[in-house]
Amino acid sequence: MPKHEFFVDMTCEGCSNAVTRVLNKLGGVQFDIDLHNKKVSIESEHSVDTLLDTLKKTGKTASYLGEK
Amino acid sequence: VRSIVVSVEGMTCNSCVQTIEQQIGKLNGLHSIKVSLQEKNAAIIYNPKLQTPESLREAIDDMGFNAILAD
Ligand SMILES: [Cu+2]
Ligand SMILES: [Cu+2]
């Protein structure tokens, strides 16, 4: 499965929990959240657009960093 | 114009509060939203033709916070 890395402007545990919840709601993802470096890596068959849209639902700035 | 209070779980700081106020405040039919970190809720004033308690609850839930309507 492709692994993608995203920047998400998370500042606290509330943010990383929100990212966890939106990704779990989407489903079909395995992910790792690095709150300190504001990075989320996601292993999934979903398109990058779908994943980015999902991350943006949190209201945080998010962008695609690339394949890992 | 109607008002509701939605319970919101999972906020840990003021930036959580601001994110919710900004995102939900953008919705159609929103007059005002005041989120309280201490009370763990969001007081919303809205146009009932454009939003319902459930649509508002769902909008907060979609952001990744656990939102519950008090009966
Ligand atoms: Cu936060
Ligand atoms: Cu916070």
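The model is predicted: local features need pLDDT of at least 70, side-chain atom pairs count only at pLDDT 80 or more, and totals for chains, interfaces and linings use all residues. Residues are numbered from 1 along each chain as its sequence is written, chains are lettered from A and ligands numbered from 1 in the order in which they are written, and side-chain values use heavy atoms, with hydrogens and water left out.

The copper ion (ligand 2) is coordinated by A:C12 (SG), B:C13 (SG) and B:C16 (SG) at 2.1 to 2.2 Å. Donors are N, O and S atoms within 2.8 Å of the metal (3.2 Å for Na, K and Ca); water is not among the atoms, so sites may look incomplete. A:C12 also bridges this ion and the copper ion (ligand 1), the two ions lying 2.9 Å apart.

Helices (H or I, at least four residues) and strands (E, at least two) are DSSP runs, numbered from the N terminus. In α2 of chain A (residues 48–56), A:L51, A:L52, A:T54 and A:L55 are buried. They share one side of α2(A), because they cover an arc of only 160° around the axis, taken from the directions from the helix axis to the C-beta atoms. On the other side, A:D49 and A:D53 are exposed.

In chain B, helix α2 (residues 53–62) buries B:L56, B:R57, B:A59, B:I60 and B:D61. Contacts (heavy atoms within 4.5 Å) covering these buried residues include α1 of chain A. α2(B) is followed by B:G64, whose phi is positive, near 105°.

Terms used:
Buried < 20%, exposed > 50% of the residue type's maximum accessible area, 1.4 Å probe, protein only.
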